[in-house]
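Please read the numbered points with the model in view.

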Amino acid sequence: MPLILFNKPFGVMSQFSAHPERQTLADYLDLPDIYPAGRLDADSEGLLLLTEDGKLQHAIAHPRRKQPKTYLAQVEGLATPEALQRLRDPLDLGDFVTQPGEARLIQEPAWMWPRTPPIRQRANQPTSWIALTISEGKNRQVRRMTAAVGLPTLRLVRIAIGPFSLATHPVMPGEWREVDPQELDA
């Protein structure tokens with residue numbers, strides 16, 4: 001069973017069916033009978049895993065499997081140690097409380113591709129980059145978390161799901177490659 005690692009560009013819908021205004025996965029992947037194991041919002045970029053195997057799709061996407069997902073978030077403002085600790089701790093987002101996660105301040109990765117279109121940036125407002133690893137993945141969770149600690153997300157890139165990472169399996173936005181699904185069990 002093939003497992004496809006795809007780097008979803010900004011603005012692309014995580015679906016194969018046509019969308020009236022945006023590109024979809026069908027514009028990039030001409031492979032029969034594959035489906036995404038999880039989603040990314042249109043305004044998020046990065047790693048999607050796709051497969052034709054329903055059991056594998058379930059194993060990757062189901063919250064009980066707790067596949068860690070790592071995101072790089074460029075946020076508006078300076079990330080303080082206090083804000084980072086709040087992101088690590090359970091955080092009440094109103095309709096749910098997040099599970100503990102990992103959060104750390106990083107430098108903008110040298111390998112990061114430019115976003116098209118570029119993010120809006122204000123000369124008088126600094127930005128920070130944060131690496132966040134969570135085991136959930138509720139709707140817009142990372143954006144809601146950073147906003148809750150006073151650091152609105154400007155750019156969000158998922159770089160890893162479980163053992164699969166754009167660092168170890170590099171592909172540029174809009175590109176894909178096949179990977180060994182047995183790496184999930186390693």
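Is Asp95 buried, partly exposed or exposed? Asp95 is exposed, at 57% relative accessibility; here buried means under 20% relative accessible area, exposed means over 50%, and partly exposed lies in between (1.4 Å probe, protein chains only).

1. Basis of the note. The model is predicted: local features need pLDDT of at least 70, side-chain atom pairs count only at pLDDT 80 or more, and totals for chains, interfaces and linings use all residues. Residues are numbered from 1 along each chain as its sequence is written, and side-chain values use heavy atoms, with hydrogens and water left out.

2. Asp95 and its partner. Asp95 forms a salt bridge with Arg144, with the closest N and O atoms 2.6 Å apart; the term denotes a side-chain nitrogen of Lys or Arg within 4 Å of a carboxyl oxygen of Asp or Glu. Arg144 belongs to helix H3 and Asp95 to the loop between helix H2 (81–88) and strand S5 (102–106), so the pair ties together parts that are 49 residues apart in sequence. Helices (H or I, at least four residues) and strands (E, at least two) are DSSP runs, numbered from the N terminus. Arg144 is partly exposed, with a relative accessible area of 28%.

3. Salt bridges of Asp43. Five salt bridges are found in the whole structure. One of them joins the side chains of Asp43 and Arg140 at 3.3 Å, N to O. Asp43 sits in the loop between strand S2 (35–36) and strand S3 (45–51), and Arg140 in the loop between strand S6 (127–134) and helix H3 (141–148), so this pair ties together parts that are 97 residues apart in sequence. Asp43 also meets Arg143 in a salt bridge (3.8 Å, N to O). That pair links distant parts of the chain, since Arg143 lies in helix H3, 100 residues from Asp43 in the loop between S2 and S3. Asp43 is partly exposed at 26% and Arg140 is partly exposed at 35%, whereas Arg143 is buried at 12%. Asp41, Asp43, Arg140 and Arg143 are linked in a network of salt bridges.

4. Helix H3. The buried residues of H3 are Gln141, Val142, Arg143, Met145 and Thr146. Their cover includes S4, H2, S6 and S7. After H3 comes Gly150, which has a positive phi near 85 degrees.

5. Phe96. This residue lies in the loop between H2 and S5 and is buried, with a relative accessible area of 12%. Leaving aside neighbours within four places in sequence, Phe96 is in contact (heavy atoms within 4.5 Å) with Leu91, Glu136, Lys138, Gln141 and Arg144. Phe96 and Lys138 are 42 residues apart in sequence, and their C-alpha atoms are 9.5 Å apart in space.

6. Arg158. Arg158 is part of strand S7 (residues 153–161). Its side chain makes a polar contact with the side chain of Tyr71 (3.3 Å). A polar contact is a pair of N or O atoms within 3.5 Å; within protein, one must be able to donate a hydrogen and the other to accept it, and residues adjacent in sequence count only if both atoms are side-chain atoms. Beyond four places in sequence, the contacts of Arg158 include Arg39, Glu45, Lys69, Thr70 and Leu166.

7. Thr70. Located in strand S4, Thr70 is buried at 16% relative accessibility. The side chains of Thr70 and Thr133 make a polar contact (2.9 Å). Not counting residues up to four places away in sequence, Thr70 touches Leu132, Thr133, Val157, Arg158, Ile159 and Ala160.
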